[in-house]
Amino acid sequence: MGRFTYIWDQAEYDPVTGHLTCHIHYAFPDGSRLSKAFSYHWRLWTLPELQEILAEAGFRSSRVWWQGTDPRPGRGATTSRPWSTATRTPPG
């Protein structure tokens, strides 16, 4: 199988209802593209909602782990840690 670029497209998001539509596209070295190879429509649950559900299910506690950022473009961070509040920029 040849090389390709995987493209995640967050097409629509409604912050009131949490409904989200995303698509996966593929771009190939020859310049061709496969648009909307896969589409997903779901409700994005907030972290507080998930923590409430876990508490209702009997879990004594839950923690949110936040992944840091990597200053190099296109690179994901390799570390994460428990976090109780967030700012616009995740912890590094």
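Eight bridges tie strand E2 to strand E3 (residues 33-43), and the two run antiparallel. Strands here, like helices, are DSSP runs (E, at least two residues, for a strand; H or I, at least four, for a helix), numbered from the N terminus. Two strands count as paired if DSSP finds at least two bridges between them. Before going further: this is a predicted model, where local features need pLDDT of at least 70 and side-chain atom pairs count only at pLDDT 80 or more, while totals for chains, interfaces and linings use all residues. Residues are numbered from 1 along each chain as its sequence is written, and side-chain values use heavy atoms, with hydrogens and water left out.

**The overall layout**

Of its 92 residues, 14% count as buried; buried means under 20% relative accessible area, exposed means over 50%, and partly exposed lies in between (1.4 Å probe, protein chains only). Among the contacts with a separation of 6 or more, 15% come from residues 24 or more positions apart. A contact, by the way, means heavy atoms within 4.5 Å.

**The sheet**

Three strands make an open sheet in the order E1-E2-E3, with antiparallel pairing. E1 and E3 are at the edges with a single partner strand each, so one side of each has no neighbour in the sheet. Neighbouring strands of this sheet are turned by 20° against each other on average, direction ignored; the axes behind that angle are lines fitted to C-alpha atoms (for helices, over the stretch in contact), and angles in general run from 0 to 180 degrees between N-to-C directions. E1 and E2 are also antiparallel and joined by eight bridges. E2 itself is mostly covered, with seven of its nine residues buried.

Why does His23 count as buried? Because its relative accessible area is 8%. Apart from neighbours within four places in sequence, His23 is in contact with Ile7, Trp8, Asp9, Ala11, Lys36, Phe38 and Ser39.

Thr21 is in E2 too (residues 19-27), and Thr21 is buried, at 11% relative accessible area. Leaving aside neighbours within four places, Thr21 touches Asp9, Gln10, Ala11, Glu12, Tyr40 and His41.

Each of these two residues has a side-chain polar contact, which is a pair of N or O atoms within 3.5 Å; within protein, one must be able to donate a hydrogen and the other to accept it, and residues adjacent in sequence count only if both atoms are side-chain atoms.

| Side chain | Partner side chain | Polar contact |
|---|---|---|
| Thr21 | His41 | 3.1 Å |
| His23 | Ser39 | 2.6 Å |

Over on E1 (residues 5-13) we find Tyr13, which is partly exposed with a relative accessible area of 37%. Tyr13 stands opposite Leu20 in E2. Not counting residues up to four places away in sequence, Tyr13 touches Gly18, His19, Leu20 and Leu44. Tyr13 and Arg43 are 30 residues apart in sequence, yet 9.2 Å apart in space, C-alpha to C-alpha.

**Rings**

A search of the whole structure turns up six aromatic pairs. One of them is Tyr40 with Trp42, a tilted pair at 5.5 Å centre to centre with 55° between the planes. The rule is that rings of Phe, Tyr and Trp (its six-membered ring) pair if their centres lie within 6.5 Å; planes under 30 degrees apart count as stacked, over 60 as edge-to-face and the rest as tilted. Tyr40 is partly exposed at 32% relative accessible area, and Trp42 is partly exposed at 34%. Elsewhere, Phe4, Tyr6, Tyr26 and Phe28 form one aromatic cluster.

Finally, the charged end of Arg43 sits over the ring of Trp45, 4.4 Å from the ring centre. For that label, NZ of Lys or CZ of Arg has to be within 6 Å of the ring centre and within 35 degrees of the ring normal.
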